[in-house]
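The sequence and structure are shown first.

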Amino acid sequence: MDSFSGLESFVRAADLLSFAKAGRLLGISASAVGKNVARLEQQLGVRLFNRTTRHTRLTQEGAMFHERCRRILDELDDARAMMQDAVAAPRGRLRVSLPTIGYRFLLPVLPAFKARYPEIELDLDFNDRLVDVIAEGVDVAIRSGDLVDSQLIARRLGPFQFVLVASPAYLARHGVPQVPGDLARHACLRYKFATGGKVEEWNLPGLPEQLPPGLLCNNMEAMLGAAIAGLGVAYMPDFLARDSLGRGELQRVLATHLARQGQFSALWPSSRQLSPKVRAFVDFAGEHMFREEDIAAFAATPSSAFPKPARA
C-alpha cells in the first residue's frame with residue numbers, strides 16, 4: 001500500500017505539476033504528497049522532480065516513469081469501474097441511431113428488452129444518413145457495411161440476406177425472370193444511398209451491364225411500396241420483404257442466383273470503459289435481432305411456400 005500511495009501521489013503531482021493541487025485531489029496535504037514522492041525516489045534511486053519555489057518540473061527519468069505509471073493507474077481505474085458496473089443495474093437515457101428500416105428488426109424484440117432493462121430510456125433515431133456518432137452524442141449506432149472510422153468500436157450483430165421481389169400482378173404482366181440476364185427486360189427499382197447518392201449494386205452473376213431504369217429511391221420503405229404497387233423488380237433485405245411475402249403481396253424471383261449476405265454491426269465511440277447501458281443493449285441486440293437460424297430458415301423457404309393473393 002505504501003508503494004501504491006507513492007505511485008498515486010507521483011502521478012497526480014506529475015499530471016498537475018503541483019504537490020498542493022495533487023494533495024487536494026487525493027484528499028491529503030501537500031507535505032504528505034511530498035513525503036510519498038520522496039519515499040518513492042529513495043526506493044528507485046532516482047530524482048523524479050526538479051522543484052524550485054516557483055516551479056515543479058519532471059526530470060527526464062520522471063517523465064519516462066510517469067508515462068508507465070499513468071497506464072498502470074488507468075488500468076486500475078478500469079478494473080475498479082468494471083467491478084462497480086458489474087453490480088450496477090443499467091439505467092439512463094440511451095441514444096440509438098438506426099437505419100430507417102431498423103424498426104422492422106428492433107420493434108419485435110423491444111418489449112423483451114424493456115422488460116429486462118426497465119430503467120433504460122431509449123431515444124431512437126431512424127435515418128439513412130451518415131451519422132457522426134461522436135459529434136452528435138450517439139451512444140450506439142446500428143449500421144450495415146464495414147467500419148471505416150477508427151474512433152469507433154464495432155461488434156457484429158448478425159447477417160441478413162438480400163432478395164429480389166416483385167408483385168404477382170407485375171410478374172403476370174411481364175413474366176418471371178428465369179436467369180439474371182432476363183432482368184434486361186424488366187423495370188428495376190434501385191436504392192440510392194441518402195449520403196453520396198451512390199446506387200446500390202445488385203450482386204448477381206450474369207447480370208446485364210446496364211439495368212433498365214425503373215425507379216431510383218433513397219428510402220427503402222418507399223421502394224418496398226413501389227414493388228407492392230407493381231412498378232417493377234426490387235432488391236432489398238429479407239427482413240424488409242418478409243411480411244409482404246407472407247401476405248402474398250410480393251414474390252421472390254431468382255432466389256437460387258442470390259448469394260450476397262449483408263452484415264449489421266453495433267458501433268460506439270472507443271473508450272476504455274463501456275457503460276452498462278450500452279453493453280446491455282449491444283449484448284441483447286446480438287442475441288435477439290439477427291439470429292442466423294432465422295436467416296437460414298427464410299433462405300431455405302421456396303417461393304411457392306408463400307401464399308398468393310386471391311384474385312378480385
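Phe49 belongs to strand β1 (residues 49-51); helices (H or I, at least four residues) and strands (E, at least two) are DSSP runs, numbered from the N terminus. The model is a predicted one, in which local features need pLDDT of at least 70 and side-chain atom pairs count only at pLDDT 80 or more, while totals for chains, interfaces and linings use all residues. Residues are numbered from 1 along each chain as its sequence is written, and side-chain values use heavy atoms, with hydrogens and water left out.

With a relative accessible area of 2%, Phe49 is buried. Buried means under 20% relative accessible area, exposed over 50%, and partly exposed in between (1.4 Å probe, protein chains only). Not counting residues up to four places away in sequence, Phe49 touches Phe10, Ala13, Ala14, Phe19, Val37, Glu41, Thr56, Arg57, Leu58 and Thr59, where contact means heavy atoms within 4.5 Å.

## The chain as a whole

The protein chain contains 11 helices and 11 strands. Of its 312 residues, 40% count as buried. Among contacts between residues at least 6 apart in sequence, 76% join residues at least 24 apart.

Two packed helices are described by the angle between their axes and the distance between the axes. Helix α2 (residues 19-26) packs against helix α3 (residues 30-44) at an angle of about 105°, and their axes are 7 Å apart. Axes are lines fitted to C-alpha atoms, for helices over the stretch in contact, and angles run from 0 to 180 degrees between N-to-C directions. The helices α2 and α3 are therefore roughly perpendicular to each other (angles under 35 degrees count as roughly parallel, over 145 as roughly antiparallel, 65 to 115 as roughly perpendicular and the rest as oblique). Phe19, Ala20, Ala22 and Gly23 of α2 make the contact with Ala30, Val33, Gly34 and Val37 of α3. By class, this contact of α2 with α3 has 6 nonpolar, 2 polar and no charged residues; Ala, Val, Leu, Ile, Met, Phe, Trp, Tyr, Cys and Pro count as nonpolar, Asp, Glu, Lys and Arg as charged, and the others, Gly among them, as polar.

Helix α10 (residues 276-288) has 13 residues, which at 1.5 Å a residue should span 18 Å; its end C-alpha atoms are 18 Å apart, in agreement. The expected span is 1.5 Å times one less than the number of residues. The buried residues of α10 are Pro276, Lys277, Val278, Ala280, Phe281, Val282, Phe284 and Ala285.

## Salt bridges

The structure holds 14 salt bridges, a salt bridge being a side-chain nitrogen of Lys or Arg within 4 Å of a carboxyl oxygen of Asp or Glu. In one of them, Arg71 pairs with Glu67, and the closest N and O atoms are 3.5 Å apart. Arg71 and Glu67 are separated by about one helical turn because they lie 4 residues apart in helix α4 (residues 60-86). Arg71 is partly exposed, at 43% relative accessibility.

Arg91 forms a salt bridge with Glu119, with closest N and O atoms 3.1 Å apart. This pair links distant parts of the chain, 28 residues apart: Arg91 is in the loop between α4 and β3 (92-98), and Glu119 is in the loop between α6 (110-116) and β4 (120-126). Arg91 is partly exposed at 46%, as is Glu119 at 42%. Asp123 forms a salt bridge with Arg95, the closest N and O atoms being 4.0 Å apart. Asp123 lies in strand β4 and Arg95 in strand β3, so this pair ties together parts that are 28 residues apart in sequence. Asp123 is partly exposed, with a relative accessible area of 30%. Salt bridges that share partners also join Arg12, Asp15, Arg70 and Asp74 into one network.

Arg12 is located in helix α1 and is buried, with a relative accessible area of 14%. Leaving aside neighbours within four places in sequence, Arg12 is in contact with Ala22, Leu25, Leu26, Arg70, Leu73 and Asp77.

Leu17 is not a glycine, yet has a positive phi of about 50°. Leu17 sits in the loop between α1 (2-16) and α2 and is partly exposed, at 35% relative accessible area. Leu254, also a residue other than glycine, has a positive phi near 55°. Leu254 lies in the loop between β10 (251-253) and β11 (261-269) and is buried, with a relative accessible area of 7%.
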